[in-house]
Amino acid sequence: MARKQSPGRYQVVWPRGKKIADCAEPARRLEDLSGKTVAELWDFVFRGEEIFPLIESEVGARFAGVKFLRPDRFGNTHGSEEREVLAELPGKLRELGVDAVISGMGC
Amino acid sequence: MRAAAVAERAGIPSVSLVCAGFAGQALSTAAGLGFTHLPVAVMPGHVNMQTYEELKNNILEVTVGQVVKGLIDEPGASPDTAAEPGPRDIVFTGTFEDVNDFYYEREWSDGSVTPRQLRPAQAPLQGILTSQGLRP
């Protein structure tokens with residue numbers, strides 16, 4: 001949003017509003033992916049069916065025993081069922097012994 | 001990013017796959033979800049515009065390393081948002097063209113912006129807030 005200063009010249013105000021909430025810290029990271037279980041979360045668009053297998057292949061080659069849980073175990077994270085899928089997600093992740101999450105596709 | 005935020009709140013580290021053009025938006029979205037840091041792994045270009053070989057090369061050469069890094073490396077210190085300008089601070093002054101360049105270079109816009117004066121732009125917003133019982 002611009003504030004007009006004089007004909008032909010404009011002043012731009014900072015676009016962010018007042019900060020009203022404290023930010024949370026991310027979860028503690030892993031020391032290693034070897035032997036870990038990684039959940040793949042997907043919105044079922046933008047070529048995830050090709051991208052996740054590529055990541056599995058390369059990460060699997062670097063870290064022994066890493067296991068991947070495919071997106072269909074969790075449902076579509078960005079669709080008409082998003083609310084339900086995300087509400088159930090913490091329980092599913094715990095139940096399946098998930099150590100880390102790869103989520104896509106933001107495109 | 002919403003799914004990643006749910007995982008992080010459950011104590012499980014995440015990394016989000018984003019096309020390069022959305023990396024900045026991902027940071028803003030993370031802040032809106034209550035995190036200053038949610039790791040992303042960038043996919044160069046846009047995946048829908050690439051052949052399989054191009055996609056494969058980009059994922060293996062660029063993205064996978066960021067996936068691993070995002071799950072293993074502790075995020076750095078949170079950015080000091082207190083150091084940001086205030087909501088009404090003037091951060092730039094210039095001509096119509098200058099303003100457009102300023103917006104475009106920061107990815108605040110993907111095209112032409114027609115500057116409006118602050119007061120007329122605020123009036124409708126204040127009306128909405130008042131009608132919803134919220135203080136403008």
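Here is a short walk through chain B and its interface with chain A.

What you have open is a predicted model, where local features need pLDDT of at least 70, side-chain atom pairs count only at pLDDT 80 or more, and totals for chains, interfaces and linings use all residues. Residues are numbered from 1 along each chain as its sequence is written, chains are lettered from A and ligands numbered from 1 in the order in which they are written, and side-chain values use heavy atoms, with hydrogens and water left out.

**Select chain B, as cartoon.** You'll find five helices and three strands, running α-β-α-β-α-β-α-α along the sequence. Helices are DSSP runs of H or I with at least four residues and strands are runs of E with at least two, numbered from the N terminus.

**Switch to the C-alpha trace.** Along its principal axes, the trace of chain B spans about 50 × 40 × 30 Å. Chain B has a radius of gyration of 19 Å, whereas a compact globule of 136 residues would be near 14 Å. That radius is taken over C-alpha atoms, and the globule rule is 2.2 Å times the number of residues to the power 0.38.

**Now show both chains.** Here 58 residues of chain A are in contact with 69 residues of chain B (contact: heavy atoms within 4.5 Å). The two chains bury about 5,500 Å² between them, 65% of it on carbon and sulfur atoms. Next, pick A:V12, A:W14 and A:R29: in chain A these lose the most area to chain B, together 15% of what that side buries. Buried area is the accessible area (1.4 Å probe) that two parts lose on being put together, summed over both.
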